[in-house]
Amino acid sequence: MGQLTRRGVLAGLLAGAAGAAWAEAPLVSLRPRPRGAVTPDAAAAALVTAAKLGGRLGYIVADAATGRVLEAVEETVELPPASVTKVMTALFALEKLGVGHRFATRVMYRGSFAQGRLEGDLILAGGGDPEFDTDALAELVAALAAAGLREVTGQFLVYTGALPERERIASDQPDYVGYNPSVSGMMLNFNRVNFVWKQAGAGYDMAMTAEGARVAPPVRMATMTLAERDLPVFAYKAAAAADHWSVARGALGKAGGRWLPVRHPGIYAGEVFAWLAAAQGIALGPPQLRRDLPAGAVVLVQREGAPLPELLRRMLKFSTNLTAEAVGLAASAATSQEASGAAMTAWARARFGVSGRFGDHSGLGPMTRLSAAEMVSVLIQARQDPTGVQLLGLLREAGVPDATGKPQSKAALRVQAKSGTMNFVSNLAGYVTAANGKTLVFAIFAADVARREAVPVAQRDQPKGNKAWVGRAHRLQGQLLHRWAGLYL
């Protein structure tokens, strides 16, 4: 696309989005600089050439106060935003759920409860809390014991219907990567189980646990066996209510641990709950899954998760995919991940005027596309809205990198940004602010989609060449930020 045409598209995108995004008109009109002043000079081009990324690179930097585009290259090319998607998810969740939203996990019953005896069913009712862990589950069980429960005559039910069920977030990832777990209304330990091992003579002592800070309950629904093979290191075999894994003996070494994804989260959480209950003297039967909450169920004890802003801050800092999917699904109230992505797409187009699309809420899957210009448009508009402006307090902060692109922990110029990294995809978007308050808004999207898609699924955890490619992309991002801070702040 030619320079003049690209600038014209950008002007339409930014100016049009700014006029219609919020209920009230924005304070600034987003506009490109005069003709001939947007394209970067030879020094910037040399940085891009030296990075040797291949694929496509689109970036843009603008003045946050005026919307004036200071520099841009291929800014309207839509690329996989990866975890930068979580910025949009955070804005979506803040608006739809509200800052006071908390996910709650409850223990309920139906029947009659008196003198420590429950004549009826006990229900562990998940509320979609993505951060719910073994320690939180232990607190619930302790509260249950403190409430006097000693005996349950009926079934032990696990309600998972608060969110749509999904076996894994993205279908194009290896089975064993912990960042691609299942999604459910009842989640535990980010839907991961901890595989630990230690060499013992000619063999190994191995265990699967739901490890917390204070207790590590054993897990039976996930099993591990040794295999005499070189590759794959881990292999997965699904069962009706269990996860069966095998591991290559030669890959283990003396001792270690690894979190593996759980594909049956309701069974997993129910089993751990029952183990903790048994430690309190409360015997329960095997967990029975329910997608509907039994009529007439009464809350016995409950535990609320963190307020939504705290949840989102950790999501943006640690880039937790499961949190993004949980808050996005809760915000849309859709019945599937696909429908929820479509709902966020429609919202983003109406709210911000962007034309990108979202296949999920984490950016892990292959369907999401967004341009650097669209991302900058969203970031500028977010600063002008009482809800969107909260994003500034949620993004991770760092100093502006030095001339080599090396991150600086302390600097007069502050960067608040979200990164997004997948195989041969590396993105960064956010704000750069000077001590006097002057702020730049930027987005840098780099992706070699053809190279990414050529990697077999089984090798997508650590494909050959990816680490070096991502390293060069990160260095380029730092160098561009250093350049822009020196030129425009």
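Colleague: What makes Arg 483 and Asp 41 a salt bridge?

Modeller: Their closest N and O atoms are 3.1 Å apart, and a salt bridge is a side-chain nitrogen of Lys or Arg within 4 Å of a carboxyl oxygen of Asp or Glu, so the pair qualifies. Mind you, this is a predicted model, where local features need pLDDT of at least 70, side-chain atom pairs count only at pLDDT 80 or more, and totals for chains, interfaces and linings use all residues. Residues are numbered from 1 along each chain as its sequence is written, and side-chain values use heavy atoms, with hydrogens and water left out.

Colleague: Which parts does the pair tie together?

Modeller: Arg 483 sits in helix α11 (residues 466–488) and Asp 41 in the loop between β1 (31–32) and α2 (42–51), so parts 442 residues apart in sequence are tied together. Helices (H or I, at least four residues) and strands (E, at least two) are DSSP runs, numbered from the N terminus.

Colleague: Why is Arg 483 called buried?

Modeller: Its relative accessibility is 14%, and buried means under 20% relative accessible area, exposed over 50%, partly exposed in between (1.4 Å probe, protein chains only). Asp 41, at 40%, therefore counts as partly exposed.

Colleague: Why are α3 and α8 called roughly perpendicular?

Modeller: The axes of α3 (residues 85–97) and α8 (residues 337–352) cross at roughly 80°. Angles under 35 degrees count as roughly parallel, over 145 as roughly antiparallel, 65 to 115 as roughly perpendicular and the rest as oblique, so α3 and α8 are roughly perpendicular.

Terms used: Axes fitted to C-alpha atoms, helices over the stretch in contact; angles between N-to-C directions.
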